[in-house]
Amino acid sequence: VGGVAVVADNTWIAEQALAKLQIEFETGQNASYDTDEYKKQLVRNVEVPAKVAFEKGSLDKAFEEAKLKHAATYVGGHISHSPIEPMASLVWVQKDKCEIWASTQDPETIQKTVGAYLGRKPEDIIVHVMMAGGAFGRKFKCDYVQEAAALSKALGAPVQLTWSREEDTRTGYYHSCSAQHIEASVDAKANVTGWLHRAAFPAIAATFNPAVVQPSADDLDTVSKHPYGIENMRVESGLAPAHTRIGWFRSVYNIFWGFAINVFTDELAHEAGVESLQFFRSIYDNNKNAEQTEKVKRSRAVLDKAAKMAGWDKELPANHGMGIAVHHSFASYAAMVVHAEVIGKVIKVHRVDCAVDCGLVLNPDIATAQMEGAVVMGMSLALNPEISFKNGAVVNSNFHDYPILEIGEAPAEINVEFVGQNYRSTGIGEPGVPTLTPALANAIYAACGKRCRSIPLKLT
C-alpha cells in the first residue's frame with residue numbers, strides 16, 4: 001500500500017503540482033466493482049432463502065393460514081458523508097513528541113493509530129480536537145491524519161493536509177448498499193400474523209475483517225427485536241461481500257431498516273384495505289410481549305403525536321399526499337409525517353411534522369435543531385444521487401454530481417415536538433434520519449399512487 005504526495009508552502013501550488021503528475025495506480029482485487037450490478041446481485045441474494053439469523057413461532061403455519069400475503073424488495077445505494085469541511089489535519093512529528101491538530105470524532109483512535117505507525121505509545125501523541133465542520137461518522141476514521149503524520153515524519157517538519165472535495169468524495173468510508181426482501185401474512189381481521197425479513201448489505205465489520213461477507217445476527221437486531229412484536233418471524237442474512245470501505249454514517253443501518261419496514265407497512269395497510277395510520281396503530285396494539293410494553297407505548301405516543309401535529313385526516317389538494325413513519329433507534333423514538341406534492345416527476349416537500357421521545361430534553365433549542373437537521377439530511381439522501389462505482393472507482397466527484405440539499409429545496413415548514421419527558425435522556429443526533437425517507441415515500445404514494453422502493457427515491 002502506498003501513495004503519492006506533493007508538499008508545498010501553500011495549498012494552491014500543491015494542487016497545481018499534483019494536477020501535472022501522471023500517476024498510474026494498480027486497480028487491485030475490486031477493479032470490476034460496479035454498484036448497479038452489485039445491487040442486482042444483492043436483490044437476487046434476498047429473494048431466495050438465506051442464512052437464518054433469528055426465528056420464532058411458526059412462520060410457515062402463519063403463511064399457510066393467511067387471508068392475505070404480500071411481498072416486496074427494497075434497495076439502497078452507497079452514501080457519502082460529504083461534510084462541508086473535508087478531511088483536514090496538521091501533524092508535527094518531532095524527535096521527542098508528536099502533536100496533532102485535527103477535526104475528529106475520535107482522538108483516542110488517532111493516538112493509537114499514529115502511535116502504532118510511529119512506534120510510540122498512544123499517550124505520547126498529543127491530539128488537539130478542532131471544530132469538525134460536519135462529520136456524521138466519517139471522522140471516526142483517521143486515515144487523513146496518518147497521511148499527514150507520514151509526510152511530517154519524512155520531511156521533519158509540520159505538515160497541514162487538507163483533502164480536496166474530489167478526494168473526499170472518492171476516498172470515503174461509505175454507507176452500505178443494501179437489499180431487503182419482506183414477506184408478511186395478514187389474517188381475516190387485518191392483523192399481521194407472520195413476517196419474513198431477508199437482508200443483504202456489506203457490514204461495517206468487513207472493513208476490519210475481510211472474511212465478513214454478510215450481516216451478523218447482531219447487525220439484524222433492529223428487525224428481530226422490532227417493537228411490532230410479530231409472533232411468527234424469521235430473519236435471514238444474505239451474502240454481501242464488501243468491495244469498498246464501509247463505515248459509520250449518521251443513524252448507521254437504521255436508514256435502510258426504517259425505510260423498508262415503514263414503506264412495507266404502508267403497502268401492507270393498502271393491501272389489507274385499512275387506513276395507514278390505523279394499521280400502524282393496530283400492529284403496535286397487537287404486541288402482547290411484556291418485555292416490549294414500554295417500547296410499544298412510546299412508539300405509539302410519537303406516532304399519535306406526529307399525526308395530530310400534521311392534522312392527519314385533513315383534506316389535501318390534488319397531487320398532494322401525507323405519509324407517516326415511526327422508528328426506534330439509539331434508545332429513542334421518532335415519528336414523522338411528510339406532506340408532499342408530486343408534479344410530474346418533481347417531488348416537493350411542503351411540511352414535515354416530527355414527534356420525538358428522547359427522554360428528558362435539557363436544551364430544547366439544540367434538540368430541535370438536531371431534528372431539523374435530520375429532516376434536511378434525510379431529504380438530501382432521499383432525493384439526490386447515490387455514490388456509484390464503475391470499474392472499481394467512484395464515479396461522483398463533487399457537488400455537481402453528488403449534491404446535497406439546497407436551502408430552496410428544504411420544506412417551508414418543519415415542526416418538532418417532544419414527548420416522554422419523564423424518561424431518562426437518550427439519543428437525539430441520529431434517531432430522526434430513518435423516518436424522513438419512508439414518510440416521504442408513503443406521501444408520494446398518497447399523492448400519485450406510485451411506490452418508491454429504493455433510496456434515492458425514484459418516480460418511474
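1. Isoleucine 23 sits in the loop between α1 (11–20) and α2 (35–46). Helices (H or I, at least four residues) and strands (E, at least two) are DSSP runs, numbered from the N terminus. This is a predicted model, in which local features need pLDDT of at least 70 and side-chain atom pairs count only at pLDDT 80 or more, while totals for chains, interfaces and linings use all residues. Residues are numbered from 1 along each chain as its sequence is written, and side-chain values use heavy atoms, with hydrogens and water left out.

2. Isoleucine 23 counts as partly exposed because its relative accessibility is 33%; buried means under 20% relative accessible area, exposed over 50%, and partly exposed in between (1.4 Å probe, protein chains only). Together with Val4, Leu18, Leu21 and Phe25, Ile23 forms a nonpolar patch on the surface, with about 430 Å² of accessible area. Patches are made of residues with over 30% relative accessible area and no salt bridge, with like charges joined within 9 Å and nonpolar side chains (Val, Leu, Ile, Met, Phe, Trp, Tyr) within 5 Å. Accessible areas come from the Shrake-Rupley method with a 1.4 Å probe; for residues, only the protein chains shown count as cover.

3. Arginine 250, in the loop between β9 (232–237) and α9 (254–272), deserves a look. Arginine 250 is buried but has no salt bridge, and the nearest side chain of opposite charge, glutamate 430, is 6.1 Å away. A salt bridge is a side-chain nitrogen of Lys or Arg within 4 Å of a carboxyl oxygen of Asp or Glu; Lys and Arg count as positive and Asp and Glu as negative, with His and the chain ends not counted. Leaving aside residues up to four places away in sequence, the contacts of arginine 250 include Phe136, Glu430 and Val433 (contact means heavy atoms within 4.5 Å).

4. Phenylalanine 136 has a positive phi, near 60°. This residue lies in the loop between β5 (125–129) and α5 (143–155), and counts as partly exposed because its relative accessibility is 31%.

5. Asparagine 391 also calls for a backbone check: its phi is positive, about 50°. Asparagine 391 is in the loop between β13 (389–390) and β14 (393–394) and, at 66% relative accessibility, counts as exposed.

6. Helix α13 (residues 433–448) has 16 residues and spans 24 Å from first C-alpha to last, close to the 22 Å expected, that is, 1.5 Å times one less than its number of residues. In α13, 13 of the 16 residues are buried. Glycine 449, with a positive phi near 80°, follows α13.

7. The peptide bond joining isoleucine 455 and proline 456 is cis, with omega about 0°. Proline 456 is in the segment after β16 (454–455).
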